[in-house]
Every structure is written in structure tokens, then in C-alpha cells.
Amino acid sequence: MRPLGYWVLAVAVLYALCAATVCFAKKTFPWDSGPATIDVSKYPQQMKDTYTKLFSVKCKQCHTLARPINSTYVLQTEWDAYTKKMVRKPGAKISEAERRLIVGFLSYDAKVRKKALYDKKAAAAAGGA
Ligand code: HEC
């Protein structure tokens, strides 16, 4: 085979590998397979409203709710940064006001459901570690 032939072959193999694995596959996360609902029955009314009217509607447009619900993001700063990335995704219909309410809900919820992780990360953030 001529040198060019090898190049063509190499590129074809790489392309096939790429297509079969990471490059074109939709990203998934381990938390996608966890629970996809939150029991908000004991949450304050405003949190209940944000859960039902915003979070459950807006954050389900592209992936299941299990993804944010079981995520290891807990701090308000983490949710603030990450939801900014989400609203920039093509087709995300989430206003800035809606995004802020969702961030409030997610960080409140983390303090309730993921308290140990929240406290650990909050202490690390405060101590600069
Ligand atoms: C327009 C589509 C879209 C919308 C709307 C959307 N997401 Fe996502 N989300 C994605 C994609 C795509 C990924 C995969 C990661 C990537 O490609 O950046 C993702 C990944 C995630 C992850 C996994 C990151 C991690 O490391 O845990 C979380 C959490 C998340 N989204 C939360 C949210 C929340 C909260 C909302 C609602 C405010 C939301 N998403 C709305 C498209 C979207």
C-alpha cells in the first residue's frame, strides 16, 4: 500500500472509533439512572412552586430530572455557574429570572437532601481548600 493509503486507513479507523465512542455519543452521567423526582411536601411554598412550575418543566427539556437531582453540585455558586452553562445550550428556553429561581431551589434542596456533601463543600469553600 502507498503511504497515502495508510493515512486514509488510519483516518478511517480513528473516525470509526470516534463515532462508536465518545465524540458523537450523547453525554450521560451516573446520576441519570437515580430517582427523577423530589419529595417537596415539607418544603416552603415558594420552593414547591419553583419545583413544580419551573425546575420540573425547564430542566427536563433535554435530559431527565434525575441528572440534576442526583448531581454532586450542591453549593449555590456551583448551581449558579452550571445553570448558566445550561441556559446557553441551544434550544434552552429559560429566562434569567427563571434561572435564578431554579438556582435558589437547587441550593435549598441540596441543604436538605445532600446535607453532608453540602456541609463538606461549604466548609472547604470557606476555608479556601
Ligand atoms: C437545552 C438543553 C438543556 C437544558 C434545557 C438543560 N440541560 Fe442540563 N445538560 C444538557 C446537556 C447537553 C448536558 C451534558 C453536558 C454537556 O454537554 O455540557 C447536561 C448536563 C447537565 C448536568 C450534569 C452535569 C454534572 O456534572 O452533574 C446537570 C446537573 C444539569 N445538566 C442540570 C440542568 C438543570 C438544573 C437544568 C435547568 C435549569 C438543565 N440542566 C437544563 C442540556 C440541557
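Helices here are DSSP runs of H or I with at least four residues, strands are runs of E with at least two, and both are numbered from the N terminus. By that rule the protein has six helices and zero strands, and the order from the N terminus on is α-α-α-α-α-α.

Two notes on the source. This is a predicted model, in which local features need pLDDT of at least 70 and side-chain atom pairs count only at pLDDT 80 or more, while totals for chains, interfaces and linings use all residues. Residues are numbered from 1 along each chain as its sequence is written.

Next, the overall dimensions. The C-alpha trace spans about 70 × 35 × 25 Å along its principal axes. The radius of gyration, taken over C-alpha atoms, is 20 Å. For a compact globule of 129 residues it would be near 14 Å, by the rule of 2.2 Å times the number of residues to the power 0.38.

From α4, Gln-76, Trp-79, Asp-80, Thr-83 and Val-87 meet Arg-99, Ile-102, Val-103, Leu-106 and Ser-107 of α5; contact means C-beta atoms, placed from the backbone, within 7 Å. These residues divide into five nonpolar, three polar and two charged. Nonpolar covers Ala, Val, Leu, Ile, Met, Phe, Trp, Tyr, Cys and Pro, charged covers Asp, Glu, Lys and Arg, and the others, Gly among them, are polar.

Helix α2, residues 45-58, also packs with α5, at an angle of about 115° and with the axes 9 Å apart. Met-47, Thr-50, Tyr-51, Leu-54, Phe-55 and Lys-58 of α2 make this contact with Glu-98, Leu-101, Ile-102, Gly-104, Phe-105 and Tyr-108 of α5. By class there are eight nonpolar, two polar and two charged residues.

How values were computed
Contact = placed C-beta atoms within 7 Å. Axes fitted to C-alpha atoms, helices over the stretch in contact; angles between N-to-C directions.
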